[in-house]
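Thanks for coming, everyone. Please look at the structure on the screen while I talk. I'll cover charged pairs, then a helix pair.

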Amino acid sequence: MSGLLEATRIGFIGLGVMGSGQAGNLIRRSGLPVLVSDMAVDAVARSVAEGAEAAASVADLAAQSDVVFLSLPGGPQVESVVLGEAGVLAQVRPGTVIVDLSTIPVDAAQRIGAAVRERGAFFIDAPVARTRQAAVDGTLSITAGGDAAAFAHVEALLRLMATDVIHCGPNGSGALIKLVNNMVVFETVVALAEALTLIRRTGLVDPELAWKALGQGSAASFTLENHGRKALLPDVHGEGIFSAEYMRKDVGYALELADELGLTLPSAALAHQLLGRTIERGYGKAYHTAVVRVIEEEA
């Protein structure tokens, strides 16, 4: 493929809700061999059916790969897989680029980046934004942090998974933008859930018509059209998308960073509390838009 980095083999660890789609695009579009690893045997089997090769272990994958991608639930999992005794770093070769597509704390990205550099390799925190369908379609948004030359080396691969890719600065900067993105998205979801509850209680305007009117005004947004129209309006909050538990984790990461900086984020704190109550009511595995159920029940 013209313009693609001079890698001979890609490794991909984590074939979950987002990772499976991301890996699929690399398998189909890169023209390079792709080794995969996941705890779920069926997920590995699906990737193998698409053309990947199953790695014997994480260490085996790292030893054979020039670029290693990670798509994992959060900071603890990324640190374990990269820095653990039988992890990626134990077998990685100098010059290898490790690209983390997960959402992790800023300090974790900085800490992992420093450890990877000590081994003569490179770490890019490159969390993804947008939906599971975007992961399948290759239309994600990626904010990347890390060495500029290492980013340039893997940018062509990132663009096989995303239509929008931006290098934000050193390690931690990509993670920061993703945390802020999710914080803003969920705070907007809360605002829309409150608006919808108010509209429904008055009975004055059909909610579908209200949404059309909002979309024509200054309240128009990606969140209004996607989270609002596809989940809040029909009151459908399926599992296996981006759960309340995952969103609480990400908003929690943002609050932890704010606390370290001596900042207070009132709206984010309220959003975090609402997510806690959403989980307590049994919606932890549901799409985070299920917060509307809590708002309606407590109204």
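**Salt bridges and a helix pair**

Let's start with Glu50, which is partly exposed, at a relative accessible area of 35%. Keep in mind that this is a predicted model.

Which residue does the side chain of Glu50 meet in a salt bridge? Arg28, with an N to O distance of 2.7 Å. This pair links distant parts of the chain. Glu50 sits in helix 2, residues 41-50, and Arg28 sits in helix 1, residues 19-29. They are 22 residues apart. Arg28 is partly exposed too, with 47% relative accessibility.

A word on the background. Side chains of opposite charge can pair when their charged atoms come close.

Stay in helix 2 for the next pair. Arg46 and Asp42 both lie there, four residues apart. That spacing is about one turn of the helix. Their side chains form a salt bridge, at 3.6 Å from N to O.

Arg200 makes a salt bridge with Glu296, and their closest N and O atoms are 3.0 Å apart. Arg200 belongs to helix 9, residues 173-202, and Glu296 to helix 14, residues 291-298, so this bridge ties together parts 96 residues apart in sequence. Arg200 is partly exposed, with a relative accessible area of 31%. Glu296 is partly exposed as well, at 22% relative accessibility.

How many salt bridges turn up in the whole structure? The search finds 17.

Next, the helix pair. Find helix 12, residues 244-260, and helix 13, residues 266-283. Their axes come within 9 Å and cross at roughly 155°. Because an angle over 145 degrees counts as roughly antiparallel, helix 12 is roughly antiparallel to helix 13. The crossing is left-handed.

Who makes the contact? On helix 12, the residues include Met247, Val251 and Leu255. On helix 13, they include His272, Leu275, Ile279 and Tyr283. By class, the contact has nine nonpolar, four polar and two charged residues. Glu245 and Arg248 of helix 12 are among the contact residues.

That's my tour. Thank you.

Methods
Residues are numbered from 1 along each chain as its sequence is written. This is a predicted model: local features need pLDDT of at least 70, side-chain atom pairs count only at pLDDT 80 or more; totals for chains, interfaces and linings use all residues. Side-chain values use heavy atoms; hydrogens and water are left out. Axes are lines fitted to C-alpha atoms, for helices over the stretch in contact, and angles run from 0 to 180 degrees between N-to-C directions. Helices (H or I, at least four residues) and strands (E, at least two) are DSSP runs, numbered from the N terminus. Angles under 35 degrees count as roughly parallel, over 145 as roughly antiparallel, 65 to 115 as roughly perpendicular and the rest as oblique. A crossing is left-handed if the near helix is turned anticlockwise from the far one by less than a right angle, and right-handed if clockwise. Contact means heavy atoms within 4.5 Å. Ala, Val, Leu, Ile, Met, Phe, Trp, Tyr, Cys and Pro count as nonpolar, Asp, Glu, Lys and Arg as charged, and the others, Gly among them, as polar. A salt bridge is a side-chain nitrogen of Lys or Arg within 4 Å of a carboxyl oxygen of Asp or Glu. Buried means under 20% relative accessible area, exposed over 50%, partly exposed in between (1.4 Å probe, protein chains only).
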